[in-house]
Amino acid sequence: MTAPGTSDRLRSWLDRHRRRVPFAVLAGGVALDLLALGFTDLPGRLTTPVQLAGPALFLAGGLLASGLLALLLHWQIHARQRTETLAHDLSADVELLALVARSTTNAVVVTDLRGRITWINAACEQVTGYSLAESLGRSPGAMLQCEASDRTTRLRIRQALDAGQPFRGDILNRSKAGRLYWINIDIQLLHDAQGRHIGFIGINSDVTDRRQTEHALRVSQAFLHNTGRIAGVGGWNYDLRNGSLQWTEQACAILEVAAGHQPTVAECLDRCAPEFRQQLDQLLAQGLDTASAWDLELPVVTVRGQQRWLRVVAEVEYDDEGPARLVGALQDVTTRRLVEAEAHRNAELLRGAIDTIDEAFVLYDPDDRLVFCNDKYRAIYHTSREAMVPGASFESILRCGLQHGQYREAVGREEAWLAERLAQHRSGNTTLIQHLDDGRVLRILERRMPDGHLVGFRIDITDLVRATEAAERADRAKSEFIGTISHELRTPLQSVIGFSELGQVFAGGQPQIQQMFQDILSGGQRMLTLVNALLDVSKIDGRGEALALGHADLVALAAEVVHELAPLLDARQLQVQWPQPRPVLPVRANAFRVQQVVRNVLANAIRFAPPGSCIEIQARTGHEGGAWLAVRDHGPGIPNDELDTIFEAFVQSSRTRDGSGGTGLGLTICRKIMRAHGGRIEAANADGGGALISLWLPAAPESGLPAVAAVPADAAPPASATPIQAAST
Amino acid sequence: MAHKVLTIEDQPDIRRLIRMTLEFKGFEVIEAGDGRTGLDLARQAQPDLILLDVMMPGMDGLTVGKTLAQDPVLCRIPVVMLSALGTAADKSAGMAAGVQAYLVKPFSPWELLEKVGQLIASARTGA
């Protein structure tokens with residue numbers, strides 16, 4: 001210990017006196033020179049100049065040598081001093097840097113050339129959870145990066161390090177405890193004093209918060225964008241101080257400008273319909289003054305020339321100095337506006353149509369208050385029109401009418417009538433006839449709609465009712481007239497027929513007088529036939545007497561008539577040919593009347609069939625169901641131009657205008673009878689000649705009706721003509 | 001002794017026709033031109049049969065028929081109603097008035113004689 005202590009003391013002494021050493025060396029050299037001269041007997045030798053030359057040369061050489069040595073020393077000492085100062089300064093810097101590296105909050109990692117950790121700082125230990133000892137020799141990537149780390153970033157780091165290049169970027173790391181955190185890494189190359197690349201140093205800062213904030217911002221922006229896109233709502237922001245505008249992407253999309261375009265106010269105003277420009281301009285300008293929110297719908301033209309309706313809403317945002325911005329949204333409401341316009345147009349159209357129609361229309365709300373009525377409604381109820389204001393209750397309108405005696409049925413029993421009418425009205429499904437004080441008759445239709453509104457129609461059926469009444473009166477009068485005339489004609493016929501029958505007997509053996517009475521009798525009977533036919537027509541026209549219908553077999557009914565007419569058939573040697581086998585054709589019919597038809601048709605066939613010929617009866621189920629029966633003769637047939645008219649009253653066929661005694665009513669009665677059954681009678685000429693008269697009756701329904709005997713409820717008098725006399729064409 | 005038939009009929013030609021027909025077969029015929037006279041005559045003459053027209057001015061045939069039917073004495077006299085009204089409803093209205101037969105005009109004289117003969121015969125046998 002002593003020696004080093006001595007040595008250190010010596011060194012420190014030398015350090016302190018280093019500058020003086022060259023001067024000591026120089027002084028020492030000069031001293032040694034002078035000493036050497038003294039010892040060589042200097043005064044004796046100094047007598048001659050030659051003797052003086054030797055010591056002088058020695059002195060000079062000694063001085064030179066001392067000077068050179070001192071100079072050398074000074075130079076060396078100075079150089080060392082400089083080096084030491086430099087070295088001292090340098091080590092202070094390194095220590096400062098190390099201190100920084102150790103104490104910085106950034107994680108610092110130092111690796112060798114192969115990327116293996118050689119040193120980490122305390123911050124790095126804290127962030128990663130790995131101690132320096134655990135980290136040494138490991139690769140930071142393998143130690144800290146995980147599946148969640150971005151593969152591309154990892155690859156770029158690897159490539160940069162392999163190429164010996166710096167890298168800077170963000171990457172997701174996982175700590176030893178499993179915590180994921182984002183770092184920004186700055187990897188630089190590490191060189192030694194000779195400039196050789198010896199490794200890497202990475203300085204990492206935790207940017208997790210920043211990354212999370214950025215992510216949250218991106219998510220919320222995406223959310224905003226998506227909701228805006230889905231709802232068609234764009235956002236905008238207007239700086240009230242500098243007048244700048246900002247639009248969101250969706251706002252740009254709505255106005256069809258490039259995303260990110262930030263328009264000027266003037267540009268926006270240009271997009272507006274001219275009549276809205278001033279208003280919008282004022283609203284934007286008012287932001288500063290009134291600081292009020294607004295909500296406006298206005299038509300615009302997009303950049304691509306599309307016409308759209310926009311709803312623009314704005315609110316004012318404040319900062320410390322007062323209103324700073326208008327922020328708002330804009331929404332494409334074109335479709336809604338179109339639908340509204342359409343609905344409005346439809347409503348107008350409907351209202352116009354309702355006003356135009358010739359029927360009275362009224363609408364009451366679910367609380368029975370008048371919503372709307374057309375002019376015709378007011379005109380019909382002109383007595384109570386003053387009460388017809390929207391919102392008036394149905395009852396108040398009725399009461400107004402009652403006060404003025406508008407409802408004919410209500411006179412004298414107003415309250416009872418009102419109660420009945422209100423009950424009908426509230427039932428929501430009314431059809432009734434109403435008589436008004438002015439003589440008009442209304443059909444009232446009221447229907448409740450699903451939403452509770454009540455729609456009412458008033459149809460003026462005055463003319464219809466009067467016409468119907470007149471027709472009914474005329475019909476009754478006609479029937480009465482025909483009935484009376486028939487009766488008044490039958491009574492005198494009693495004398496004609498009765499006396500001529502008696503006269504024939506009383507004439508005894510006088511053939512001429514007998515013939516006279518016979519002619520009178522025939523004439524009387526022909527007239528009686530006609531009178532009876534007229535009575536039939538009036539009965540069937542008279543509506544009062546519905547035909548009594550029952551189940552019957554049309555073929556069986558016809559067979560009875562054929563049997564009844566057998567004497568006439570025999571007289572002309574006619575055969576009746578039936579279908580084989582004879583079918584059964586169930587019908588619902590009045591047997592007496594249907595037999596009357598068959599008798600008439602068959603009698604005509606008998607009259608026109610050539611003697612000895614065959615009358616064919618066809619019978620089958622009709623093509624449309626029901627029963628079909630036809631009588632065909634082989635006579636001359638019916639002229640084609642008469643096929644349609646032979647069923648008309650008093651139209652006699654040319655072929656019977658021979659005084660043979662038809663009434664001209666037979667087929668008319670037949671048609672009336674068939675129609676009264678819901679059936680038909682038709683005339684045609686058969687293939688191969690001869691008339692073909694077809695009857696069709698609807699099928700009998702399943703339910704059993706009583707069979708109706710061929711005895712009429714309204715049978716003609718027994719003195720009615722014989723079948724052949726009833727026959728006519 | 002001839003059977004006595006009372007004809008109540010407002011029309012003279014019909015009355016004449018009936019008289020000629022019945023007298024031809026030997027009946028005694030008495031006549032009335034209206035309902036009230038007919039009723040009086042019926043009470044007075046007590047005929048074997050009455051022929052009664054329906055449509056007459058004044059008291060009509062239906063009323064006369066009902067009065068006859070309700071009369072304890074006259075109700076035994078058979079009545080034939082004569083009418084130009086030929087419907088079923090007319091006939092049942094006539095029969096409801098209490099008459100025994102209903103003939104629709106115009107009838108044949110032989111039909112009348114047959115009906116009158118039948119009724120007198122059955123009245124005589126008490127049927």
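Strand 1 of chain B pairs in the parallel sense with strand 3 (residues 49–53) of chain B over four bridges, where strands are DSSP runs of E with at least two residues and helices are runs of H or I with at least four, numbered from the N terminus, and where two strands pair if DSSP finds at least two bridges between them. The model is predicted, so to speak of local features requires pLDDT of at least 70 and side-chain atom pairs count only at pLDDT 80 or more, while totals for chains, interfaces and linings use all residues. Residues are numbered from 1 along each chain as its sequence is written, and chains are lettered from A and ligands numbered from 1 in the order in which they are written.

**Chain B strands**

**Chain A sheet**
- Five strands of chain A form an open sheet in the order 2-1-5-4-3 with antiparallel pairing.
- Strand 2 (117–120) and strand 3 (167–174) of chain A are at the edges with a single partner strand each, so one side of each lacks a neighbour in the sheet.
- Strand 3 and strand 4 (residues 180–191) of chain A run antiparallel and are joined by eight bridges, and Asp170(A) stands opposite Asn184(A) of strand 4.

**Contact between the chains**
- The contact takes 19 residues from chain A and 17 residues from chain B, counting residues whose C-beta atoms, placed from the backbone, lie within 7 Å.
- Helix 1 (residues 12–24) of chain B gives the most to its side, with five residues.

Notes
Two residues are in contact if their C-beta atoms, placed from the backbone, lie within 7 Å.
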